[in-house]
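Try each task before you read its solution.

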Amino acid sequence: MAKSLNILIAALSLIALSPFCLCSKAYGTGGYLFPQFYDHSCPKAQEIVQSIVAKAFELDPRMPASLLRLHFHDCFVKGCDASILLDSSGTIISEKRSNPNRNSARGFELIEEIKHALEQECPETVSCADILALAARDSTVITGGPSWEVPLGRRDSRGASLSGSNNDIPAPNNTFQTILTKFKRQGLDLVDLVSLSGSHTIGNSRCTSFRQRLYNQSGNGKPDLTLSQYYATLLRQRCPRSGGDQNLFFLDFATPFKFDNHYFKNLIMYKGLLSSDEILFTKNRESKELVKLYAENQEAFFEQFAKSMVKMGNISPLTGAKGEIRRICRRVNHAY
């Protein structure tokens with residue numbers, strides 16, 4: 001744990017020397033987010049998040065990828081407002097039940113642990129939405145990726161959107177154009193799509209998310225020809241035609257717990273696990289060039305990933321008097 005925490009502290013100390021302010025206009029709102037939001041109201045907030053994420057990583061190497069995914073799936077539905085954390089209650093139907101999240105989204109208990117610690121330190125001050133944004137940054141850093149200043153000041157929603165979760169989050173089997181359209185709806189572009197997909201350098205996916213590539217990609221009973229046949233043979237050993245839906249596979253088989261650019265190198269070798277990964281190299285000339293750039297230049301990938309994460313974190317947050325600061329992340333305050 002001490003080693004992991006030292007990595008975080010060293011990386012985050014570098015951005016503290018930056019001469020400019022990441023005061024960012026939030027996409028879709030009139031509010032501003034800025035990294036110093038809690039400097040006076042809860043000065044230890046970032047330190048608390050970092051410490052608990054570091055401890056969790058020591059116990060569960062999968063957790064950083066899970067936290068990154070939570071932030072992504074939160075921001076793509078109603079903006080970065082922690083709606084993904086809400087349980088079903090009253091009129092709320094939880095986004096945890098959606099196809100993209102059911103049986104796969106995880107890390108909820110850790111977010112509650114962070115929230116509890118922050119409530120002890122500074123009650124009703126730090127939002128669950130900001131916890132998700134900070135935890136995503138810290139998860140990237142602790143696995144060897146880039147750091148960035150996280151603009152803060154989001155507030156938490158009082159509702160969720162099951163339909164939004166089902167419809168707005170890109171799916172593994174979506175076409176390139178469908179995925180790009182879903183990104184553009186959020187104010188993100190093709191560069192953001194490719195760089196943010198690079199988060200698949202860590203984490204796992206289930207057999208059910210890529211089975212069609214192994215057996216029936218186009219409905220003709222044949223495998224996906226853009227998947228290395230040698231790699232496909234290995235995958236079939238634990239992902240049969242039926243059964244084994246929940247069997248887990250590394251998204252980046254080369255360095256599955258290290259945030260690096262091997263994900264892009266895999267795509268060039270036609271060893272992207274998901275269809276939504278490989279099509280970045282096979283279906284669009286501009287995205288293909290970006291894949292090649294990031295495969296050759298990890299620094300370029302890291303720089304763009306940090307920029308795109310800040311941009312994604314600015315999607316339609318609730319600010320000012322909108323929303324609330326939940327006391328418990330899984331339910332709205334009036335549910336007490």
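**Exercise 1.** Find what share of the contacts in the protein chain between residues at least 6 apart in sequence join residues at least 24 apart.

*Solution.* The model is predicted. Start with contacts in the protein chain between residues at least 6 apart in sequence. Of these, 74% join residues at least 24 apart.

**Exercise 2.** Decide whether the radius of gyration of the protein chain agrees or disagrees with that of a compact globule.

*Solution.* Step one: the protein chain has 336 residues, so a compact globule would have a radius of gyration near 20 Å. Step two: the protein chain has 19 Å, which agrees. For its extent, take the C-alpha trace, which spans about 60 × 45 × 40 Å along its principal axes.

**Exercise 3.** Describe burial and surface in the protein chain.

*Solution.* Buried means under 20% relative accessible area. Buried residues account for 56% of the 336 residues. Next, the surface: the protein chain exposes about 14,500 Å². Carbon and sulfur atoms supply 53% of that area.

**Exercise 4.** Count the helices and strands, then work out how helix α3 and helix α4 are oriented to each other.

*Solution.* The protein chain has 14 helices and four strands. Now pick out α3 (residues 63-75) and α4 (residues 108-121). Their axes come within 10 Å and cross at roughly 85 degrees. Angles of 65 to 115 degrees count as roughly perpendicular. Therefore α3 and α4 are roughly perpendicular to each other. Which residues make the contact? From α3 come M63, L67 and L70; from α4 come F108, L110 and I111. Last, sort them by class: six are nonpolar, none polar and none charged.

Definitions and conventions: Residues numbered from 1 in each chain as written. Predicted model: local features only at pLDDT ≥ 70, side-chain atom pairs only at ≥ 80, totals over all residues. Heavy atoms only, no water. Axes fitted to C-alpha atoms, helices over the stretch in contact; angles between N-to-C directions. Helix = DSSP H or I, 4+ residues; strand = E, 2+ residues; numbered from the N terminus. Parallel < 35°, antiparallel > 145°, perpendicular 65-115°, else oblique. Contact = heavy atoms within 4.5 Å. Nonpolar A, V, L, I, M, F, W, Y, C, P; charged D, E, K, R; others polar. Rg over C-alpha atoms; globule rule 2.2 N^0.38 Å. Buried < 20%, exposed > 50% of the residue type's maximum accessible area, 1.4 Å probe, protein only. Areas by Shrake-Rupley, 256 points an atom, 1.4 Å probe, with all protein chains shown as cover.
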